[in-house]
Amino acid sequence: MILLFLKSIIIGVANIIPGVSGGTLAVMLNVYDPITEKIGNFFLVDRKTKLSYFFYLLVVLIGAGTGIFLFANIIRYSITNYPKITVTVFTLLILPSIPFIVKGLDYKKKKNILAFCYGAIIMIVFILLGLKFGDKTAGAVTIQLGKGVGFATSYLIKLFLCGVVAAGAMIIPGISGSLLLMMLGEYYNVVYLISSLGSSLREKSFVIFTPLVVLALGIGVGLVAFSKAINYLLRNHREFTLFFIEGIITFSIIQMWLSI
């Protein structure tokens with residue numbers, strides 16, 4: 001269990017760096033299959049097996065949470081003081097991961113090219129909508145915490161949905177959940193929330209717990225809901241799914257630079 005905990009810390013650190021896939025690290029550390037199998041079948045097994053699954057996943061959760069919490073402060077500092085340098089580093093991390101996602105697949109196949117284009121079009125539309133209707137949510141969390149007031153219901157709903165989507169990305173090797181959060185305009189807010197947890201506890205300010213709990217619930221729902229769906233897509237429509245994701249990620253770099 002100690003080895004599993006240490007591996008989970010590494011996976012947690014990977015999940016908070018845009019462009020670095022926690023799923024890929026899980027594969028490299030030989031824990032990807034056990035994790036996805038236990039998440040996907042948790043509600044289908046008998047009580048005794050469910051209990052063993054629970055303790056296994058609890059160790060993974062605590063380890064990943066530890067890695068995220070420790071690294072969030074570093075990310076927060078770099079974003080606050082060196083935003084352009086930080087985004088440049090993120091970009092350099094993302095670029096090598098783009099060809100890795102479809103490594104060994106036929107990129108000349110018409111079906112795969114169309115899948116890439118579909119993903120690219122969706123991302124371009126997302127960027128244009130953000131430019132026209134976006135409210136620059138990065139920094140909103142800082143303002144709310146500074147006022148010591150609660151968060152709007154609409155924002156909490158968005159945060160929940162972001163957690164669901166990011167969780168789905170976390171379990172796909174080659175895909176970065178943090179990158180998806182950045183695309184959705186919530187990466188910097190989430191980093192700020194996590195890195196502020198320690199200081200909020202010291203000051204006995206509990207307003208920060210509401211968005212964190214909502215995000216955690218979204219991630220939990222996403223892990224359960226997407227584990228089977230994603231496994232199905234990757235088994236039955238692997239090339240199309242990966243090239244579609246490839247198109248989204250390639251054009252998400254533009255969104256990342258627009259967010260600073």
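The model is a predicted one, in which local features need pLDDT of at least 70 and side-chain atom pairs count only at pLDDT 80 or more, while totals for chains, interfaces and linings use all residues. Residues are numbered from 1 along each chain as its sequence is written, and side-chain values use heavy atoms, with hydrogens and water left out.

The protein contains 13 helices and zero strands; helices (H or I, at least four residues) and strands (E, at least two) are DSSP runs, numbered from the N terminus.

H1 covers residues 2-15, and its axis lies 7 Å from that of H4 at an angle of about 45°. Axes are lines fitted to C-alpha atoms, for helices over the stretch in contact, and angles run from 0 to 180 degrees between N-to-C directions. H1 is therefore oblique to H4, since angles under 35 degrees count as roughly parallel, over 145 as roughly antiparallel, 65 to 115 as roughly perpendicular and the rest as oblique. Contact means heavy atoms within 4.5 Å; among the residues that make it here are Leu4, Phe5 and Ile9 of H1 and Tyr56, Val60 and Phe71 of H4. By class, this contact of H1 with H4 comprises 11 nonpolar, five polar and no charged residues. Ala, Val, Leu, Ile, Met, Phe, Trp, Tyr, Cys and Pro count as nonpolar, Asp, Glu, Lys and Arg as charged, and the others, Gly among them, as polar.

H4 (residues 47-81) also meets helix H3 (residues 32-40), their axes coming within 10 Å and crossing at roughly 125°. H3 and H4 are therefore oblique to each other, and the crossing is left-handed. Pro34, Ile35, Glu37, Lys38 and Ile39 of H3 touch Tyr53, Tyr56, Leu57 and Val60 of H4. Seven nonpolar, no polar and two charged residues form this contact of H3 with H4.

Burial is the next topic. Of the protein's 260 residues, 46% are buried, that is, under 20% relative accessible area, with exposed meaning over 50% and partly exposed in between (1.4 Å probe, protein chains only). Helix H10 (residues 187-195) is largely enclosed by the rest of the structure, because nine of its nine residues are buried. Methionine 183, in helix H9 (residues 177-183), counts as buried at 7% relative accessibility.

Notes: Left-handed = near helix turned anticlockwise from the far one by under 90°.
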